[in-house]
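Subject: Structure for you to look at

Hello,

Here is the structure I promised to hand over. Please open it, then read my notes below.

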Protein chains: 2
Amino acid sequence: MTRASEIRKSAFLSAEEREHGRQAKRIAVLETAASMFCARGYAATQMGDVARELGVTKPTIYHYFKNKDDILNACFEEGFSLFEQTLKEGPGEHRSGAERLRAVLMAYATCMTRDFGKCTVLVPISDLDEPGRSRIAAQLRRFDGRIRSLVAEAVEDGSIPPCDPKIMTFTILGSLNWIARWHKSDGELGPDATAKAITDQLFAGIGGKTQAWTAPKPVHARRRGRSGT
Amino acid sequence: MTRASEIRKSAFLSAEEREHGRQAKRIAVLETAASMFCARGYAATQMGDVARELGVTKPTIYHYFKNKDDILNACFEEGFSLFEQTLKEGPGEHRSGAERLRAVLMAYATCMTRDFGKCTVLVPISDLDEPGRSRIAAQLRRFDGRIRSLVAEAVEDGSIPPCDPKIMTFTILGSLNWIARWHKSDGELGPDATAKAITDQLFAGIGGKTQAWTAPKPVHARRRGRSGT
């Protein structure tokens, strides 16, 4: 390729570069919308507001998304994609069930300091249209189920004391999801410090605990309960 | 009074009975609206829906409330009125700071199984108009502050271990407020059982604890921290 032809070619993007640019623009629209949905509510956010915030025209937004419902659905999908990632913190390098659970909760808590994570908590799912609402509700149930399994596994290997995994999961997800309501991106606690503070507090409980819990009985007897310990 | 005049008088309500009836109707409108706001969202609930649900006309609703904003504001006020009641569980018969805290959290958790309590969590405050939004935000901060004080008092009297009351309060209120999202009035766990299960879980923590925490040092040295215990 001559120097002149290289210069001419560089004026055009490759197919890969175009796709990358398209994805970047799509995400920019979603991030802007998610942030506005969280701050002022779904009903009060108009497509024109999102366009104005990005310095583009409304038709540009419509090039990427059919309508506002489509954008909200995509925001929830991005949120769930973050949540799915957190489950990868579980297996492998972390030894006990408690350690796996802690790693996932820390990662999930961090999601709640980001707009896509916040959006799934701050925008009521009643704002979604069907069939998006049913799909998102199913994803929520599935994620809840994954956390319950992690809790059950930690009880099973004796790294946390016996508990009702359903109640434990509601307790945990409530505290972590609440981060979406109070965490400010310009606040004194950054995402990692926030995640650690809440996760540590959840592990310690109000009653507090200075040492790691140790199973009171040998494995074969452990699941009978905690009486007599 | 003759028998005949008594009969004639009974066809009319006394001023007290009229006021009582008016209040009962006002609350019936609010409860119906709160329940619908929680189930289908604020934007999707119309004044006509509330009227239809109560079997009355729209003008009847307008006799009690100016508009939908007025109803939402009143629902939040009813919610906060329940929350204020929970703080009365604190002093008096309960001995330690931890016991006072537990009593308030149990009562607050129960509020989250009722429509007025749920409404304050499930309807984003961005759905409120001004000046209602600022007033409600201030009430939320004040209640948060009261829980922080209860936590600080329990640390102070040594009935719970040292902690950051701000982080502890976010952890607690997240779990309790989340009840609004998952609790079903026709579910297997009633309000009291739900409140007890989540409060117990918060006290125990994920790490668990079978015995009550006891302060590791005499009172004069306690606040220096937990090192060396």
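Is A:R26 buried, partly exposed or exposed? A:R26 is partly exposed, because its relative accessible area is 21%. Buried would need a value under 20%. Keep in mind that this is a predicted model.

Now the partner. A:R26 forms a salt bridge with A:E78, and their closest N and O atoms are 3.8 Å apart. A:R26 sits in helix α2 of chain A and A:E78 in helix α5 of chain A, so the pair ties together parts 52 residues apart in sequence. A:E78 also counts as partly exposed, with 21% relative accessibility.

Other salt bridges

Over all chains, a search of the whole structure finds 22 salt bridges. One of them joins the side chains of A:R95 and A:E99, at 2.9 Å from N to O. A:R95 is exposed, at 65% relative accessible area. A:E99 is partly exposed, at 30%.

In chain B, look at B:R40 and B:D49. Their salt bridge has its closest N and O atoms 3.2 Å apart. B:R40 is partly exposed, with a relative accessible area of 36%. B:D49 counts as buried, because its relative accessibility is 15%. In chain A, a network of salt bridges links A:R40, A:D49 and A:R52.

Where the chains meet

Chain A gives 44 residues to the contact, and chain B gives 44 residues. The area buried between them is about 3,800 Å², and carbon and sulfur atoms give 63% of that. Three residues, A:F170, A:W178 and A:I206, supply 20% of the area that chain A buries against chain B, more than any other three residues.

The interface has two salt bridges by the rule. A:E188 forms a salt bridge with B:K166, with the closest N and O atoms 3.1 Å apart. The rule also finds 13 residue pairs in polar contact across the interface. On the side of chain A that touches chain B, the largest share comes from α9(A), with 13 residues. By class, that side has 25 nonpolar, 13 polar and six charged residues.

Take one residue of that helix. A:N177 is found in α9, residues 165-182 of chain A. A:N177 counts as buried, because its relative accessibility is 4%. Leaving out residues up to four places away in sequence, A:N177 touches A:Y108, A:M112, A:V121 and B:W178.

Inside the chains

Helix α3 of chain A covers residues 47-54, and its buried residues are A:M47, A:G48, A:D49, A:V50 and A:A51. What covers them includes α2, α4 and α5 of chain A. After α3(A) comes A:G55, with a positive phi near 70°.

In chain B, B:T32 lies in helix α2, residues 15-40. B:T32 counts as buried, at 13% relative accessibility. Its side chain reaches the backbone oxygen of B:A28 at 2.7 Å. Not counting residues up to four places away in sequence, B:T32 touches B:V50, B:E53 and B:L54.

How confident is the predictor?

Chain A averages a pLDDT of 87, and 88% of the residues score at least 70. In chain A, confidence is highest in α9(A), at 97, and lowest in helix α11, residues 219-222, at a mean of 44. Over residues 218-229 of chain A, pLDDT stays under 50. For the complex, the predictor gives an ipTM of 0.83 and a pTM of 0.85.

Best wishes

Conventions:
Residues numbered from 1 in each chain as written. Chains lettered and ligands numbered in written order. Predicted model: local features only at pLDDT ≥ 70, side-chain atom pairs only at ≥ 80, totals over all residues. Heavy atoms only, no water. Helix = DSSP H or I, 4+ residues; strand = E, 2+ residues; numbered from the N terminus. Buried < 20%, exposed > 50% of the residue type's maximum accessible area, 1.4 Å probe, protein only. Contact = heavy atoms within 4.5 Å. Buried area = accessible area lost by both parts, 1.4 Å probe. Salt bridge = Lys/Arg side-chain N within 4 Å of Asp/Glu carboxyl O. Polar contact = N/O pair within 3.5 Å; in protein donor to acceptor, adjacent residues only side chain to side chain. Nonpolar A, V, L, I, M, F, W, Y, C, P; charged D, E, K, R; others polar. pLDDT = per-residue confidence, 0-100.
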